[in-house]
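Work through the exercises below with the structure in view. Try each task before reading its solution.

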Amino acid sequence: MWAFIHKLGSPKWFYGISARLSPWFWAAAALLIVIGSVWGLAFAPADYQQGNSFRIIYVHVPAAFLAQSIFVSMAIAGFVFMVWKIKVADMAAAMMAPLGAAMTFVALFSGAVWGVPTWGTWWMWDARLTSMLILLFLYFGVIALRGAFSSRDSASRAASVLAMVGVINIPIIKYSVDWWYTLHQPATFSVTSRPAMPMEMWAPLLIMVLGFYSFFIAVTLMRTRSEILRREANKRWVRELAGEVS
Amino acid sequence: MPNSDPHLARERDAVSLFGEPEGGAGVAIRATLKRDLVLLMRRRSEVLNPLVFFALVITLFPIGISPDPELLATIAPGLLWVAALLAALLSLDSLFRSDYEDGSLEQLLLSPHPLPALALAKVAVHWLLTGLPLALMAPVLGIMLALPAGSYAVLALSLALGSASLSLIGAIGAALTVGLSRGGVLLSLLVLPLYIPVLIFGAGAVQAAIFGEGVAAHLAILGALLAVALILAPWAIAASLRISING
């Protein structure tokens with residue numbers, strides 16, 4: 001177990017294993033997103049109330065899921081980095097942050113576009129849009145804090161602490177904003193009860209969500225690999241890889 | 001194996017040479033409280049500036065929106081809370097700044113006493129001289145905004161409770177940015193999103209008091225937020241201070 005964790009902590013080992021894993025995630029992401037989009041946009045039945053405009057859900061909901069999951073993964077990576085000093089975890093956290101912010105923006109933007117046919121306005125101070133907006137600011141904070149330090153080690157540790165503080169606050173913010181205002185439709189996926197959507201609408205959404213998650217893993221692996229090369233550029237194994245040392 | 005660590009052994013020798021600090025952590029916390037209080041009382045402007053800022057911002061709203069008392073009364077709870085929150089934010093940057101610059105923050109880190117407790121003492125002083133005065137001043141500004149009667153006590157109480165959480169959360173941001181030369185704007189970016197739950201329930205309490213609903217639930221949640229912040233924030237502040245000093 002410990003040997004495994006130490007191996008996982010070695011950038012060189014991670015570089016090797018991620019090279020083997022990432023094509024699978026890229027393939028899964030491409031396949032699932034293509035199937036999900038075609039099914040969702042062309043074959044799923046139109047909503048009886050919202051007509052075809054509901055199809056934005058196939059981008060909106062996966063992006064919103066990812067926006068929240070990436071923040072949690074970032075905080076977990078930060079915790080792993082702080083406790084076990086595993087550098088790869090910090091590199092992954094640093095590489096996840098912009099993708100998370102982008103996904104939050106996609107969720108906000110698609111929500112705004114969706115608002116035009118359903119509410120008749122681009123923006124509504126509705127509970128979910130508001131907590132998404134706050135999440136976007138939290139991402140900006142983590143990214144800005146990491147960028148503000150000149151020493152990389154302090155930047156990593158400060159960003160990890162802030163991500164952990166943020167992740168404790170996310171549920172508090174979410175519930176207080178929900179309490180503050182509730183206007184949106186009830187939660188799309190519920191763990192306890194059966195989904196209110198019919199199967200034909202729900203299945204492509206699930207496929208899209210899985211596709212988005214594969215995409216997230218694939219992108220994170222790829223970006224972490226280049227970050228490893230950048231940070232370890234002076235190490236022997238990287239120079240051998242680049243052909244500088246024989 | 002602590003016995004074989006030469007560094008620890010040296011530290012132990014040093015302690016035996018100079019003697020164990022008398023009284024332990026309690027004395028250290030009291031000394032920190034006293035020192036910070038004295039320092040802030042000698043720099044009165046630092047205590048007064050947030051209050052002046054609070055009054056100024058509140059003055060801007062009737063000028064910017066409308067002097068109509070009915071309109072002002074409906075938005076007064078939110079305005080007072082947002083302005084007080086910004087005033088508290090403004091004072092955060094100086095929380096650790098001067099200690100960082102003159103090196104006493106480093107001494108705080110080097111002391112054998114638990115850093116979270118010492119950080120908590122500093123935050124308590126900050127609340128006592130920023131949050132509490134803001135809470136006491138808010139009813140006066142409430143009169144100027146035609147805040148409906150019956151909500152003044154709740155306004156002060158919610159601000160006193162809420163600003164303690166604001167000081168604790170804000171201190172994490174202040175500790176993270178104290179080592180940066182231009183931390184001010186970054187500090188607000190880090191801290192403001194985390195302030196939102198406190199703002200919601202604080203302004204909500206005043207609204208509820210105006211509409212004659214029960215305010216106990218709001219104040220209880222503000223108290224719960226403060227309890228959580230009291231447990232978790234000191235550790236985060238201590239960790240952040242260590243990062244800022246060592247980096």
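**Exercise 1. The interface**

How many salt bridges are there between chain B and chain A? Describe the contact between the two chains.

Solution. Keep in mind that this is a predicted model.

Step 1. Count the salt bridges. Between chain B and chain A there are zero.

Step 2. Find the elements involved. On the side of chain B that touches chain A, two or more residues each come from helix H8 (152-177), H9 and helix H10 (216-246) of chain B. H9(B) gives the most, with nine residues.

Step 3. Sort the residues on this side of chain B. There are 17 nonpolar, five polar and no charged.

Step 4. Turn to the extent of the interface. In contact are 22 residues of chain B and 25 residues of chain A. The size of an interface is often given as the accessible area lost when the parts come together. Here chain B and chain A bury about 2,000 Å² between them. Of this area, 87% is on carbon and sulfur atoms.

**Exercise 2. The fold of chain B**

Solution. 

Step 1. Count the elements. Chain B has 10 helices and zero strands.

Step 2. Read the order from the N terminus. It runs α-α-α-α-α-α-α-α-α-α.

Step 3. Chain B has 247 residues, and 48% of them count as buried.

Step 4. Look at the span of the contacts. Take the contacts in chain B with a separation of 6 or more. Residues 24 or more positions apart account for 81% of these.

**Exercise 3. The largest nonpolar core**

Which residues have the most contacts inside the largest nonpolar core?

Solution. 

Step 1. Start from a general point. In soluble globular proteins, nonpolar side chains tend to be buried together.

Step 2. Name the residues. Phe54(B), Phe96(B) and Ile237(B) have the most contacts inside the core, which has 138 residues. Helix H9 (residues 184-210) of chain B gives the most to this core, with 14 residues.

Step 3. Follow one of them. Leave out residues up to four places away in sequence. Ile237(B) then touches Phe96(B), Ala119(B), Val123(B), Leu168(B), Ala171(B), Ile172(B) and Ala175(B).

**Exercise 4. Asp36(B)**

Is Asp36(B) buried or exposed? What does Asp36(B) contact?

Solution. 

Step 1. Asp36(B) is found in helix H2 (residues 25-42) of chain B.

Step 2. Compare its accessibility with the cut-off. Buried means under 20% relative accessible area. Asp36(B) has 8% relative accessibility, so this residue counts as buried.

Step 3. List the partners. The side chains of Asp36(B) and Arg35(B) make a polar contact at 3.2 Å. Leaving aside neighbours within four places in sequence, Asp36(B) is in contact with Lys122(B) and Val125(B).

**Exercise 5. Salt bridges within chain A**

Which residues are linked with Glu227(A) in a network of salt bridges?

Solution. 

Step 1. Begin with the total. Over all chains there are 14 salt bridges.

Step 2. Take the first partner. Glu227(A) and Arg230(A) form a salt bridge, 3.2 Å from N to O. Both lie in helix H7 (residues 199-231) of chain A, three residues apart, about one turn of the helix.

Step 3. Take the second partner. Arg231(A) and Glu227(A) also form a salt bridge, at 2.7 Å, N to O. They are separated by about one helical turn because they are four residues apart in helix H7 of chain A.

Step 4. Glu227(A), at 5% relative accessibility, is buried. Arg231(A) is buried too, at 18%. Arg230(A), at 54%, is exposed.

Step 5. Asp90(A), Arg146(A), Glu227(A), Arg230(A) and Arg231(A) are linked.

**Exercise 6. Another pair in chain A**

Why are Lys174(A) and Asp178(A) separated by about one helical turn?

Solution. 

Step 1. Identify the link. The two side chains meet in a salt bridge of 3.9 Å, N to O.

Step 2. Lys174(A) and Asp178(A) are four residues apart in helix H6 (residues 152-180) of chain A, so about one helical turn separates them.

Step 3. Check accessibility. Lys174(A) is partly exposed at 28%. Asp178(A) is partly exposed at 22%.

Notes:
Residues numbered from 1 in each chain as written. Chains lettered and ligands numbered in written order. Predicted model: local features only at pLDDT ≥ 70, side-chain atom pairs only at ≥ 80, totals over all residues. Heavy atoms only, no water. Core = buried A, V, L, I, M, F, W, Y, C linked by side-chain atoms within 4.5 Å. Buried < 20%, exposed > 50% of the residue type's maximum accessible area, 1.4 Å probe, protein only. Contact = heavy atoms within 4.5 Å. Buried area = accessible area lost by both parts, 1.4 Å probe. Salt bridge = Lys/Arg side-chain N within 4 Å of Asp/Glu carboxyl O. Nonpolar A, V, L, I, M, F, W, Y, C, P; charged D, E, K, R; others polar. Polar contact = N/O pair within 3.5 Å; in protein donor to acceptor, adjacent residues only side chain to side chain.
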